[in-house]
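We will go stop by stop, and at each one you will hear what to pick next.

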Amino acid sequence: MKNKIIELTKLAYPIFLSFLLEIIFGFFDKMIIGRTNVNAFNAISFMTTFLYVIVGALGIITTCFNIIYNKNKKNETMDVYLTFTLILGILCEIVFIFFGKNIISSLYNLNGESLNYAYQYLIVAGPTVLFNLWIFIFSCYFRSNNNTKIQAKVTFISLLINLILDYTLVFGIFTFKGIGIIGCAVGTTMGLLSGLIMYLINYKE
């Protein structure tokens, strides 16, 4: 019994640490955005929530797809799972580019500067829908193989890169003037991409 508790603790603490890191990062990230202006802060708050909802909904769809596919094929095919989410991610970005501004305006009643901020963030951060779906897939894969430490490592590295890029790209450094809210979107995208690359490297190994 004692050995099982120790084993479960070893598997659980990296997952708990990942959630804790995300909470801490969210606190500092909002501090960075809050120092820009109110409209930018509101726009990013709306868009991060919007993207999380999209990722959650697509996550349910891909999970159902995986269950149905495996039931028919009698085997688990990672490539098919990743390809399906890739198609969904590309379709989302296309919708964001052509209809994103109308969707934001209808859902949140934003206009003027706030609407422009939100739309700019949505376009640049749109690929994070795909990145989050793939990260979810890989994290489930490694957890099913009793490897939860990789999740904590990926979370720490991706959030650290995100935070550094956010501050640098939003406010600038040395002679670089910064690019404001776009910098925050780039930081988020690159942070998740770095985490995804770490998962891919470990998956190939």
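**Stop one: Ser-194 and its partners**

Start by selecting Ser-194, which, with its neighbours within four places in sequence left aside, is in contact (heavy atoms within 4.5 Å) with Ser-158 and Ile-161. Before moving on, note that this is a predicted model, where local features need pLDDT of at least 70 and side-chain atom pairs count only at pLDDT 80 or more, while totals for chains, interfaces and linings use all residues. Residues are numbered from 1 along each chain as its sequence is written, and side-chain values use heavy atoms, with hydrogens and water left out.

Ser-194 sits in helix H7, residues 181-204; helices here are DSSP runs of H or I with at least four residues, numbered from the N terminus. Is Ser-194 buried or exposed? Its relative accessible area is 16%, so Ser-194 is buried (buried means under 20%, exposed over 50%, partly exposed in between, with a 1.4 Å probe and protein chains only).

**Stop two: along H6**

Now select residues 149-171, helix H6, and find Thr-168 within them. H6 has 23 residues and reaches 33 Å from its first C-alpha to its last, close to the 33 Å expected at 1.5 Å a residue (the expected span is 1.5 Å times one less than the number of residues). Buried residues of H6 include Ser-158, Leu-159, Asn-162 and Thr-168.

Zoom in on Thr-168: a polar atom of its side chain lies 2.8 Å from the backbone oxygen of Ile-164. Leaving aside neighbours within four places in sequence, Thr-168 is also in contact with Ile-173, Phe-176 and Gly-178. Just after H6, pick Gly-172, which takes a positive phi of about 90°.

**Stop three: two asparagines in loops**

Most residues other than glycine have a negative phi. Select Asn-146, in the loop between helix H5 (128-144) and H6, where phi is near 60°, a positive value. With 53% relative accessibility, Asn-146 counts as exposed.

Next, select Asn-109, in the loop between H3 and helix H4 (112-125). Phi of Asn-109 is positive too, near 55°, and Asn-109 is exposed, with a relative accessible area of 63%.

**Last stop: helix H3**

Finish with Ile-94 in helix H3, residues 78-108. Ile-94 is partly exposed, at 41% relative accessibility.

Technical notes: A polar contact is a pair of N or O atoms within 3.5 Å; within protein, one must be able to donate a hydrogen and the other to accept it, and residues adjacent in sequence count only if both atoms are side-chain atoms.
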